[in-house]
Amino acid sequence: MSKVQLYVYDLSNGLAKQLSRQLTGRQIDGIWHTSVVVFGKEIFYGGEGISTTRPGMSHHGQPLQIVDMGETSIDEETFNEYLEEMRDHYAPDKYHLLEFNCNSFTNDVVGFLIGGSIPAWIKDLPSDFLSTPFGAALRPTIDAMFRRPVPGAAAPTVPQLPAPEALGAAASASPNPALASAILQAVASQAYSGGGLSAPTSLPGASSANGANGSSTVAGAIHMCTNPSSLHSLLRSHRAAVVFFTSPTCGPCRMIEPLFEDLAHQKTHGTGSGRVAFVKIDMAVGLGNQVAGEWGVRVTPTFLFFLDGKKVEELKGANGAELRSQVELLIYQAFPPHPHTKLSLPSVEGLSTNPILFTQVPALDTVSAKLASFIDAAPPSPGLQTAKQALTVAVVPLLKARFPQKGSAEEAAKKPAVAAPAPLLASWGLTTRTIAETLPPSQLFPLVDMWRLAVLDGAVADWLATAPSPDPIALFLDKALALLDAASADPAQRAGGRNYLLTVLRLLANGFAHAALAKTLLSRAAAPAGKRAGTTRAIVATLLHEDAAVRTAAASVAFNVAAALQKSRVDKVRGATAGAASSEVEEDEEWEVELVSAVLEALSNETQSEEVVHRLTAALAFLLRLSPFYETQLAGLLEVLQSRETLKSKLAKGGCGENGVQKPEVRKLVEEVADKLCT
């Protein structure tokens, strides 16, 4: 018996872990390269085909992590014969960073040696990167670098360097285009040298990615299997699988292969992403013929369709229409559509998922003077006076230039009038902390209002999305929560903090104007990187505030949260591909139950403002529609909380104003949600 190990390398040398959130809007811990170590040799696949070296002596250096995969009973001679058979299959010209890479090879080899597979965090998560706008924009660039030659043409010996304009287009999809452009130029250059990327020494806190906790990888949409063990492993780890048996001399196979590849790309980046496997088995490679024999496959092309590890259908021949039909049927059986997709909901479907924003441009001189008066009345402090000076000299002029008094802030934010440099924002963050540590919350609302306006600017929002230190949003949110906790025991504090709570809620609402910051507000990560818990606490507490303006702002934030959830669900139902902008929001049963309960309680108590009822009803509709927890949790909760009766009461006299809800479109929405989503 010989030990089998998996050597794991991070091709980004820590850059992915440090910069992925800035580049893609989500955390990716590494760009994983793997090799197999057995019989005293390290074997891997790359742009030069299958290579062998002494363990730890490849150009990748020392592995970031070594994973013990088990022991093999196969002898070295048999293994060497297997590798020779695989060389044509894993040829240099077939290498593709996304679709046919080192991890495809190691997964096959591990399956041959021990009957297992490499860890899922390495092989099964390509969509995490490709579903981001940056990943989707980068995909054509990578395809161009690793495009296979047409039949009869000479195979390129190295990837083709993409044009600068292609790199620029990909970079522009990132929350930080300048940084993305620099990294992409480095990636393109490294494609020639075969080396990894070096983490810049100017970046503080550089550290290696922890492979055990890796959240993503770059791997392919099509799994290549050359032995029975690899296929069995895939069938165990995927709810649904489509297996394509082919052979080198099969003409019909070559005809239908592009359709198979297209279906694989479509179906692994939308509904069922990560749970549907598309597998290709060449019967002339490795133990492919043995795999075919196990499943009774004698002709090519043959397609087998698996559900929960069991074969449910078989298709012989190059029938494209039937292949597409069978794939759709398999996915329908594996992931049946939500019952809400069968409902007619014209009012709900007519609601926009665009966030509610507070775009009014205040008289900035007045706001600045108000804050300055609070600072001057505070105990003397050099730090406070310096902070006041910084606001007057740098921040207020920037806001005036960026958001002219004429026109809306939303329109102004779309125009690249004046850049907000990161050093200025960092300085403003420090100034904010200095002031917030000295003044009480009741005197901070002018400062919060400046940030409320600034966050409508994309550069400011992207900077805040990186959870800078100090983090102004986290700071304001923590103070708001502390104020709400204190106010529950002292009503006087609640009244005194009204303006502060109102501006913080409007700031949170405006945080949904840009995708990167919205993701931070909805992230379950620990604060300050993730602000879901704090944002939710603020919503729940302020929905019942005695002030109508505060309740309106709270209902707006609740709507924005629900709208983001709804957009994510609709994209999944429609099978959004990697070419679409990512809107994914992580679902959480307890969180959504809490939000639904809070919205229904607020609706029950709201008897004054029709606008609040409108926003809360729309938020409730978005929280319920297409929820994965509707049948298991929410339906029962809606019945217990008498949701239908609560909504209907808003239409009756005294339910909302003297005569109930008056606007026809709001009445239709309330009736539709009550009759179709709350029953």
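User: Which loop holds Pro528?
Analyst: Quick ground rules: this is a predicted model, where local features need pLDDT of at least 70, side-chain atom pairs count only at pLDDT 80 or more, and totals for chains, interfaces and linings use all residues. Residues are numbered from 1 along each chain as its sequence is written, and side-chain values use heavy atoms, with hydrogens and water left out. The bond joining Ala527 and Pro528 is a cis peptide, with omega at about 5°. Helices here are DSSP runs of H or I with at least four residues, strands are E runs of at least two, both numbered from the N terminus, and Pro528 falls in the loop between α23 (515–522) and α24 (532–542).

User: How many residues of α23 are buried?
Analyst: Buried means under 20% relative accessible area, exposed over 50%, and partly exposed in between (1.4 Å probe, protein chains only). The cover over the buried part of α23 includes α19 (458–465), α20 (472–487), α22 (498–510), α24, α25 (548–573) and α26 (589–605). The buried set runs Ala516, Leu517, Ala518, Lys519, Thr520, Leu521 and Leu522. Of the 8 residues in α23, the number buried is 7.

User: Is Leu626 buried or exposed?
Analyst: Leu626 has a positive phi of about 70° although it isn't a glycine. Its place is the loop between α27 (610–624) and α28 (630–640). The relative accessibility of Leu626 is 8%, so this residue counts as buried.

User: Where does Phe39, with its positive phi, lie?
Analyst: Phe39 isn't a glycine, yet phi comes out at about 55°. Look between strands for this one: Phe39 is in the loop between β2 (32–38) and β3 (41–46).

User: Which residues does Val327 touch, beyond its neighbours within four places in sequence?
Analyst: Val327 belongs to helix α12 (residues 320–334) and is buried, with a relative accessible area of 1%. Val242 is 85 residues away along the chain, but the C-alpha atoms are 7.4 Å apart. Taking contact as heavy atoms within 4.5 Å, Val327 meets Val242, Leu263, Lys267, Phe278 and Phe305.

User: What sequence separation does the Arg239 and Asp308 pair tie together?
Analyst: A salt bridge puts a side-chain nitrogen of Lys or Arg within 4 Å of a carboxyl oxygen of Asp or Glu. Arg239 and Asp308 form one, with the closest N and O atoms 2.5 Å apart. Arg239 is in the loop between α9 (228–237) and β7 (240–246) and Asp308 in the loop between β9 and β10 (310–316), so the bridge links parts whose separation in sequence is 69 residues.

User: What is the relative accessible area of Arg569, the salt-bridge partner of Glu587?
Analyst: The closest N and O atoms of Glu587 and Arg569 are 2.8 Å apart. Glu587 lies in the loop between α25 and α26 while Arg569 is in helix α25, so the pair ties together parts 18 residues apart in sequence. Glu587 is buried at 17%. Arg569 is buried too, with a relative accessible area of 4%.
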